[in-house]
Amino acid sequence: DGHGGKLKVGMITTLSGGGAGLGIDVRDGFLLAAKGSDMLDIVIEDDQQKPDIAVQLADKMIQSEKVDVLTGIIWSNLAMAVVPSATAQGKFYLSPNAGPSALAGQGCSPLYFNVAWQNDAFYEAGGLWANDNDIEKVFLMAPNYPAGIDGMTGFKRTFEGEIVNEVYTKLGQTDYAAEIAQIRASDADTVYFFLPGGMGISFMKQWAGSGVDKNVMGPAFSFDQGILGAIGEAALGVKNTAHWAKDLDVPGNAEFVQAFQDEYGRLPSLYAAQGYDTALLLMSAMGKADVNDQDAFQAALKEADFQSVRGDFAFADNHHPIQDIYMREVVKEGDVVTNKIIGVAASDHSDVYGAECKM
Amino acid sequence: MAEPMLHVDGLQKAFGALQATDGVTLTLMPGEIHALIGPNGAGKSTLIKQIAGGLAPDAGRIWFDGREVTALGTPARARAGLGRTFQISSLAMEATVLQNAVLGAMGRAGSAWRFLRPVMRDAELVEQAQAALQRVGLTDHAATRTAELSHGQRRLLEVAVALTLQPKAFVMDEPMAGLGASGSKRMTSFLDGLRREAPILLVEHDMDAVFALADRISVLVYGKIIATGTADDIRADPQVRTAYLGEEDAA
Amino acid sequence: MRRETILNTLLYLAMPVAAALALALDEPFLITLITRAAIFALAAVGLNLALGLGGLVSLGHAAFFGIGGYAMGILAHHAQTYTPVIDSWIVLEGTKSMPVIWLVAIVSSALAALAIGALSLRTSGVYFIMITLAFGQMFYYFAISWPAYGGEDGLSIYVRNDFPGLNTLDPMQFFALVFAILSAVLWWMGRLARAPFGLALSAARQNAERVETVGLGPFRLRLVAFVISGAVTGLAGALFADLNRFVSPTMFSWQMSGEFIVFIVLGGVGRLFGPVAGAMLFVLLEHLLSPVSDFWLIYVGAILLLVVLFARGGLIGSLAGREVAHG
Amino acid sequence: MTPILLIEQVLNGLQSGITLFLMAAGLTLIFGVMGLINLAHGSLYMVGAFAAAAVAGWTGSFVLALGAALAAAAAAGMIIEMVVIRRLYDRDHLDQVLATFALILIFSEGTRWVFGSFPLYLDVPAALSGPVTLPGGILYPSYRLLIIVIGLLIALGLFQLIARTRIGIQIRAGESDREMIAALGVDISRLYTIVFALGAALAGLAGALVGAIQSVQVGMGEPVLILAFVVIVIGGIGSIKGALVGALLVGLTDTLGGVLLPLLFGLFMDPSSATTIGSALASMSIYILMALVLLFRPTGLYGGA
Amino acid sequence: MSLLELEGVQASYGPSQALFGVDLDVAEGELVALMGRNGMGKSSTIKVISRLLKHKSGSVRLDGRDIAALPPHKAARAGLGLVPEGRRCFAKLTVRENLIAAARSGHWDMARVCALFPRLEERQTQLAASLSGGEQQMLAIGRALMTNPRLLMLDEATEGLAPVVRQEIWAAVRTLKSQTGLGLLVVDKSLAELRQIADRAVILERGKSVWRGDMATLDRGIADKFLGV
Ligand SMILES: Nc1ncnc2c1ncn2[C@@H]1O[C@H](COP(=O)(O)OP(=O)(O)OP(=O)(O)O)[C@@H](O)[C@H]1O
Ligand SMILES: Nc1ncnc2c1ncn2[C@@H]1O[C@H](COP(=O)(O)OP(=O)(O)OP(=O)(O)O)[C@@H](O)[C@H]1O
Ligand SMILES: [Mg+2]
Ligand SMILES: [Mg+2]
């Protein structure tokens with residue numbers, strides 16, 4: 001190829017503004033995996049969490065940098081803006097985060113690989129786990145936007161008990177007194193919520209101060225390492241679903257956690273793990289095929305012949321993961337509030353949209 | 001007798017407890033200068049505002065040029081031919097002197113809804129504006145930014161803009177204020193000639209000018225007209241002397 | 001020739017020259033970047049009519065930008081999925097024809113501007129800033145939570161729309177199209193500022209009472225200005241959506257409105273080419289600084305600050321002298 | 001919905017209003033009194049929260065943290081007033097918008113540079129962490145009660161300061177005509193520096209108080225800034241009383257809108273679309289409120305002409 | 001020594017020069033009239049003294065001290081009281097607040113000012129914006145007096161006042177002059193009044209002081225030439 005035997009990767013991710021933490025983790029995880037290898041030539045740009053900037057950067061990567069593979073996007077709405085046109089222009093895209101349903105179903109593409117999860121995965125696993133663990137009445141809460149509504153739909157898809165109430169809050173809401181009062185007044189035994197970033201932090205702190213005593217569950221996004229540091233002990237005991245945890249006992253994971261800490265001086269998050277896996281996947285395919293031979297490279301990616309820090313990892317026909325999803329609980333280890341795996345919520349989980357994918 | 005150009009009937013306006021206009025009835029006949037005098041805070045400017053349309057009266061009616069205008073807004077009254085100057089200069093300060101005058105001419109032409117041709121190349125408008133500036137003696141300053149005019153010069157521009165409208169009647173709120181002695185004298189003789197074009201309702205504290213110009217004088221005190229008459233009648237009125245003139249005009 | 005005229009000419013020529021250079025160097029992305037600047041410039045030129053000439057500081061122009069964008073998004077989405085836009089007693093098909101989309105974008109954003117303007121213009125000053133912001137936010141939240149057209153995820157249009165005789169996917173041809181529109185609008189705005197309407201509008205900004213007493217209604221002047229302004233920004237929105245082949249609620253966000261204002265102030269308020277200069281500078285800064293460091297926005301902030309504090313009259317004002325602001 | 005729950009929600013609305021007032025008070029002071037649009041007010045709120053989080057992390061004391069928030073925000077306010085804001089008083093609103101927009105960028109990214117990209121930890125002190133029982137059996141977080149009290153005290157103090165004291169009069173005079181008040185012998189620049197620092201300190205305090213029950217992160221100031229603008233515009237710019245009333249109105253509308261609108265739509269719609277549409281409308285509700293207020297009172301509830 | 005002394009003062013508004021050499025002095029207890037046609041630089045001179053306009057050459061001394069470097073508020077505290085052209089009352093403040101905003105203690109206080117202008121007493125709680133023109137003028141004078149200045153500058157202070165009130169103000173000025181040793185610099189268009197009350201006069205023409213002298217020596221010819229009376 002035109003890059004002197006190297007593969008040129010364009011990483012578009014969020015590096016500035018309030019959402020920068022996720023992008024930085026993905027980037028750092030990716031770079032950690034690529035470190036010491038001279039196979040990858042990586043260009044990184046900041047999308048500022050704005051779709052139009054992401055589109056512009058994708059154009060730049062494709063037209064000016066002439067990258068072979070794109071990756072890095074954190075947010076579904078940015079992915080929706082970039083991925084269809086990037087794959088239409090014949091570029092591979094590996095998603096290290098975000099898996100909107102449109103790209104798993106009708107909008108799937110041979111060149112698009114999701115190395116993280118389809119958006120619904122953690123929620124569906126949450127519903128399954130609730131079925132097996134005597135949870136009967138659930139109060140659902142999420143922000144009123146597609147990711148929130150999709151998430152709750154995912155939970156309802158697998159959960160067999162009763163949904164007592166569903167509340168959709170404003171995106172970016174910071175005060176949850178009203179919702180907490182509603183939860184208190186309801187006869188639910190469990191709150192299941194998805195509130196990304198600062199929203200989740202605010203909710204958990206206020207929840208702790210309210211004295212309401214119910215189970216709390218959610219997807220890992222609200223209880224990731226970066227967020228737990230800000231919530232502190234208020235999060236103890238919360239159950240959350242994820243495909244990875246730092247104590248997951250699979251080959252390579254402990255090394256990854258250690259290496260990440262050595263390199264960056266902080267605990268890795270699941271975003272870092274996803275970034276790490278994305279780079280591993282890419283490098284595994286490089287050993288097998290030339291990126292310019294699209295069909296061969298695609299087949300090599302599809303094999304997923306790498307040691308994921310999540311353990312077993314395979315791609316379904318729609319190029320979305322088949323993987324185990326675990327239930328984690330927030331615990332305190334020494335001074336650090338962190339997650340600990342308490343069981344498997346769904347094994348070999350894959351998404352429901354694959355059937356609509358024709359490629 | 002001719003129809004009055006402007007007829008105000010039983011006008012009332014209160015600000016809270018203060019009755020600023022209290023049953024004012026007055027007329028402005030073609031060809032006359034009708035001066036309105038009265039102590040500070042008597043309600044002269046308030047009356048002018050109601051006549052010009054900037055303030056809605058509580059009660060009473062206003063006719064202009066044979067038509068009732070009580071319900072019309074300021075722009076409509078201006079289009080009907082009512083030219084006004086303000087007590088405190090009210091001009092487009094960033095625009096040039098000439099542009100201010102052209103704006104007046106545009107108002108007269110009745111339309112701002114033209115979106116292409118540069119207005120300053122409209123020979124007719126510019127000519128009207130220049131003529132008005134010449135009459136008040138601001139021709140030299142035509143290209144000056146209005147903000148750079150001195151206080152007195154702004155007063156003159158006020159009058160010039162009113163002129164460009166070629167109105168059927170003027171209401172002027174203290175046009176002499178801020179003009180020096182020479183300026184006042186010039187303005188006095190200018191207004192003297194202007195009454196032949198259109199009658200003037202003139203609010204003024206400059207008694208030299210008022211006595212020199214006014215065909216009729218009305219005296220407003222606490223929102224009420226307490227006397228109307230010729231200069232001599234008013235000068236002689238003891239009530240007016242105590243309420244307003246003081247011993248000044250004895251001189 | 002006045003310095004500002006020379007400067008404007010240079011600025012104007014800079015875009016096609018840079019685009020041609022990019023073409024010669026085979027850097028199509030730079031053409032896209034210039035196109036982006038040109039579209040932002042167009043949006044801000046629209047706003048500048050209300051803001052610079054009319055003194056109506058609208059912090060809600062993203063509403064029109066977004067409406068233009070969604071006009072494109074919705075029509076093209078229905079065209080690519082072969083479903084009608086409206087399917088009841090009247091059937092309306094989607095379309096991929098740019099001229100039709102532009103017309104719809106202009107008309108719908110003008111109507112929105114008419115409604116928003118008629119309500120907002122009752123207020124003035126800071127209240128006006130805030131009420132326009134409020135209307136913008138209403139559109140934003142509506143777009144985020146309305147599921148029919150993708151909500152926050154937005155709408156992807158896979159192929160750029162068509163313009164008779166052009167290959168719009170070719171960056172240079174699309175740029176030419178945008179540049180032609182920008183040129184036409186600039187020409188018109190230049191005339192407009194000096195036309196009777198422009199004089200009256202700018203006088204209404206300086207002194208509404210004065211305008212009333214010469215028989216013109218400031219409210220109507222402002223409303224018409226606001227509608228024209230909204231329509232131009234709406235057109236820019238449709239082009240922006242086509243540039244990205246994507247629309248999303250971020251087009252409605254208040255930061256977007258804020259950026260338009262930034263372009264104008266950066267370039268020079270009330271100057272014909274102010275928004276053009278501002279948009280070009282901003283896009284350039286974004287492009288050059290973002291690779292510098294993770295904290296590159298600090299530099300953007302510092303540069304903006306220096307411009308406001310020390311380059312009064314914006315870029316053009318400080319380069320061309322202060323002779324004539326406000327047309 | 002039970003009456004008790006409704007009462008509780010009204011209380012929540014009032015409390016969220018008071019929280020907003022803490023922010024709006026400083027803003028209205030600067031905005032109304034000095035005629036300055038300060039978009040960077042949200043940044044001062046953020047500075048307060050970060051200072052509090054940092055100091056609480058080092059010392060473990062919440063009181064020290066609040067003190068640090070006040071001090072840091074006041075100092076930041078004083079510095080930006082003297083370096084930047086001072087040059088903007090006699091500029092038009094546009095220049096102010098742009099300059100303070102630039103300040104937001106500098107503050108946000110600067111904070112991220114110093115503190116990293118992840119949210120910080122700040123919690124309510126243990127003594128205030130639980131709920132108290134109010135008459136009627138309502139459980140209410142005691143920390144929120146504290147916020148209500150502080151908010152009301154600040155409202156009272158500010159009202160006195162602006163309406164009654166000579167400094168307040170001079171400040172307002174300066175807003176009408178800076179040059180004239182200077183020509184009468186008042187050092188308005190110094191006065192403005194003090195006022196700006198005071199406004200900043202209030203924002204910082206709000207940031208610290210609110211940060212303890214919300215998320216301390218970069219960009220936290222922006223949403224609350226917009227809400228605070230909505231509040232003071234509804235109340236009438238420059239009016240402390242207006243800011244208080246506006247804040248309560250916004251708090252109530254926001255809280256009750258989110259709760260009641262979905263119920264309302266549920267009366268004649270299927271539950272899931274009722275939730276979606278109800279919540280969509282609820283997120284627009286305060287903007288609708290603001291538009292309505294301004295349509296009937298173009299200068300806000302307590303704004304002068 | 002003169003209270004106030006200007007020598008060869010030149011000043012500009014941006015590129016356009018307004019003052020081309022103004023000489024002027026006012027002694028304690030003295031009333032000096034500053035005269036000239038419209039646009040000749042009277043107000044600009046007053047602004048230079050109040051430091052609202054910076055001069056670019058010449059000198060401005062108060063009590064022999066050069067005040068060129070002082071900011072306006074310091075100059076005011078040194079004893080300058082200004083009644084500006086166009087009144088410039090604080091529109092959103094009440095009458096009372098206008099008066100006390102910049103008050104400094106001394107001879108003049110609320111009671112004395114209200115005694116001078118009873119109208120202000122009646123309207124204490126009304127907003128300045130809603131006052132009549134004349135009432136605003138009274139307020140502006142009262143406001144300046146409340147700062148208890150040593151030199152009071154009146155720029156067109158009787159403009160727009162009813163004759164009775166004007167007489168009152170002239171009477172008040174006369175009182176000020178005789179009783180308090182206040183220096184007064186008065187710009188006014190009424191030559192008749194100034195003749196009776198001013199000690200000396202300075203006439204400006206195109207930004208230059210073209211005539212200085214005792215009021216008594218200002219004869220018809222001079223008035224005609226420079227003031228167009
Ligand atoms: N908007 C208002 N609200 C309250 N009072 C007002 C308002 N406008 C005017 N006034 C009061 O009404 C009275 C009449 O005011 P107006 O300005 O008409 O007086 P005027 O006769 O023009 O006096 P001058 O000769 O001093 O200009 C004054 O006492 C003034 O204080
Ligand atoms: N703000 C300004 N900017 C530019 N030029 C100005 C400004 N103010 C006044 N001038 C110019 O300075 C000159 C002197 O003006 P000034 O106001 O001192 O005159 P004046 O003697 O007070 O006149 P008047 O009797 O009309 O008040 C005038 O030619 C005027 O055009
Ligand atoms: Mg009056
Ligand atoms: Mg003057």
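**Stop 1: where chain E meets chain D**

Start by selecting D:Arg172 and E:Glu97: they form a salt bridge, with their closest N and O atoms 2.9 Å apart. (A salt bridge here is a side-chain nitrogen of Lys or Arg within 4 Å of a carboxyl oxygen of Asp or Glu.) Before you go further, know that this is a predicted model, where local features need pLDDT of at least 70, side-chain atom pairs count only at pLDDT 80 or more, and totals for chains, interfaces and linings use all residues. Residues are numbered from 1 along each chain as its sequence is written, chains are lettered from A and ligands numbered from 1 in the order in which they are written, and side-chain values use heavy atoms, leaving out hydrogens and water.

How many salt bridges are there between chain E and chain D? The count is three.

Now color helix 2 (72-77), strand 6 (80-83), helix 3 (95-101) and helix 6 (133-145) of chain E: each supplies at least two residues of the side that touches chain D. Helix 2 of chain E gives the largest share of that side, four residues. (Helices, H or I with at least four residues, and strands, E with at least two, are DSSP runs numbered from the N terminus.)

Show everything in contact, meaning heavy atoms within 4.5 Å, and you'll get 22 residues of chain E against 18 of chain D.

**Stop 2: where chain D meets chain C**

Of the six pairs of chains in contact, chains C and D share the most contacts. Select 44 residues of chain D and 38 of chain C to see them. The area buried here is about 3,900 Å², with carbon and sulfur atoms giving 82%.

Which helix of chain D gives the most to the side that touches chain C? Zoom in on helix 4 of chain D, with 15 residues.

**Stop 3: the cysteines**

Jump to chain A and select A:Cys108 and A:Cys357, joined by a disulfide with S to S at 2.0 Å. (A disulfide is a pair of cysteine sulfur atoms within 2.5 Å.) The torsion about their S-S bond is about 90°, so this disulfide is right-handed. A search of the whole structure finds one disulfide over all chains. Both A:Cys108 and A:Cys357 are buried. (Buried means under 20% relative accessible area, exposed over 50%, partly exposed in between, using a 1.4 Å probe and protein chains only.)

Finish at E:Cys89. E:Cys89 is buried at 13% relative accessible area, and E:Cys114 is buried at 6%.

How values were computed:
Buried area = accessible area lost by both parts, 1.4 Å probe.
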